[in-house]
Amino acid sequence: MRTLYHHWLNPGCRVVRLALGEKQLDHDLQLEKAWERRTEFLRLNPAGVLPVLVEADDTVVAGHRTVLEYLEEAYPEHPLLPRRPGDRAEVRRLIDWFDHKFSDEVTRNLVGEKVDKRLAGLGQPTSAAIRAGLANINYHLEYVAFLTERRKWLAGDQLSLADLAAAAHFSAIDYLGDVPWVRHPVAKEWYVRIKSRPSFRPMLKDRIIGIAPAAHYGDLDF
């Protein structure tokens with residue numbers, strides 16, 4: 001059985017979990033506290049970062065983008081990248097948007113401050129960072145609405161890794177109840193569609209010890 005070393009609200013881990021689900025690939029989850037830098041984990045990935053996928057034949061693939069590319073190449077069924085190079089470029093552009101711009105402006109300011117600092121014992125959240133994250137997320141929700149008003153999914157007519165990358169970030173923040181869905185109904189409609197997919201359901205059962213999810217987190221109709 002393949003094993004994914006992950007942590008609950010890490011967006012890179014979440015997007016890989018979604019990709020595994022979409023490709024219908026069975027896997028075990030191994031919770032890893034990367035900040036503890038366990039020797040056994042560092043043997044798998046000397047960089048000490050999540051996620052890490054270990055196949056049944058002991059093949060080790062580290063880093064979420066590397067894992068996503070590996071899954072596309074090793075398991076081409078249920079593709080998550082379009083065939084045309086230009087369409088693939090658009091998917092990758094949006095992945096980069098969420099992995100860098102969204103992460104820097106929103107995820108680190110909310111999940112990083114409220115959860116990561118607490119779990120790793122790095123001190124109290126910074127209120128200015130939290131305020132920035134809560135303000136910045138509105139701009140990104142508007143962008144999601146802009147895209148989905150013109151396309152069926154974020155990058156085109158088919159679900160792709162772009163949608164999974166975006167959902168990985170939004171779902172982590174939604175666990176905290178910090179996504180203002182009521183002010184962004186078009187973006188919410190996109191999220192409801194992806195949240196309702198079978199690949200998403202295991203994540204809706206996540207529960208972090210000492211940090212309860214928002215009341216609506218596990219609801220498909222919210």
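This is a predicted model: local features need pLDDT of at least 70, side-chain atom pairs count only at pLDDT 80 or more; totals for chains, interfaces and linings use all residues.
Residues are numbered from 1 along each chain as its sequence is written, and side-chain values use heavy atoms, with hydrogens and water left out.

**Exercise 1. Find out which residues R65 touches, not counting residues up to four places away in sequence.**

Step 1: Locate the residue. R65 sits in helix α3, residues 64–74 (a helix is a DSSP run of H or I with at least four residues, numbered from the N terminus).

Step 2: List the partners. R65 touches I95, D96, D99 and H100, where contact means heavy atoms within 4.5 Å.

Step 3: Look at the side chains. R65 makes a polar contact of 3.3 Å with D96 and one of 3.1 Å with D99. A polar contact is a pair of N or O atoms within 3.5 Å; within protein, one must be able to donate a hydrogen and the other to accept it, and residues adjacent in sequence count only if both atoms are side-chain atoms.

**Exercise 2. Work out which element gives the most to the lining of the largest pocket.**

Step 1: Start with the space, about 630 Å³ in the largest pocket. A pocket is an open set of points on a 1 Å grid over the protein atoms alone, where a 1.4 Å probe fits, with protein on both sides within 12 Å along at least five of seven lines; lining residues have an atom within 4 Å of a point.

Step 2: Among the 21 lining residues, N10, P11, G12, L50 and D116 are the closest to the centre.

**Exercise 3. Find which residues touch the most other members in the largest nonpolar core.**

Step 1: Know the term. A nonpolar core is a set of buried Ala, Val, Leu, Ile, Met, Phe, Trp, Tyr and Cys residues joined through side-chain atoms within 4.5 Å.

Step 2: Of its 61 residues, the answer is L161, L164, F170, W190 and I194.

Step 3: The largest share, 11 residues, comes from α6.

Notes:
Helices (H or I, at least four residues) and strands (E, at least two) are DSSP runs, numbered from the N terminus. Grid points are joined across faces, edges and corners, and a volume is the space filled by probe spheres set on the points. Buried means under 20% relative accessible area, exposed over 50%, partly exposed in between (1.4 Å probe, protein chains only).
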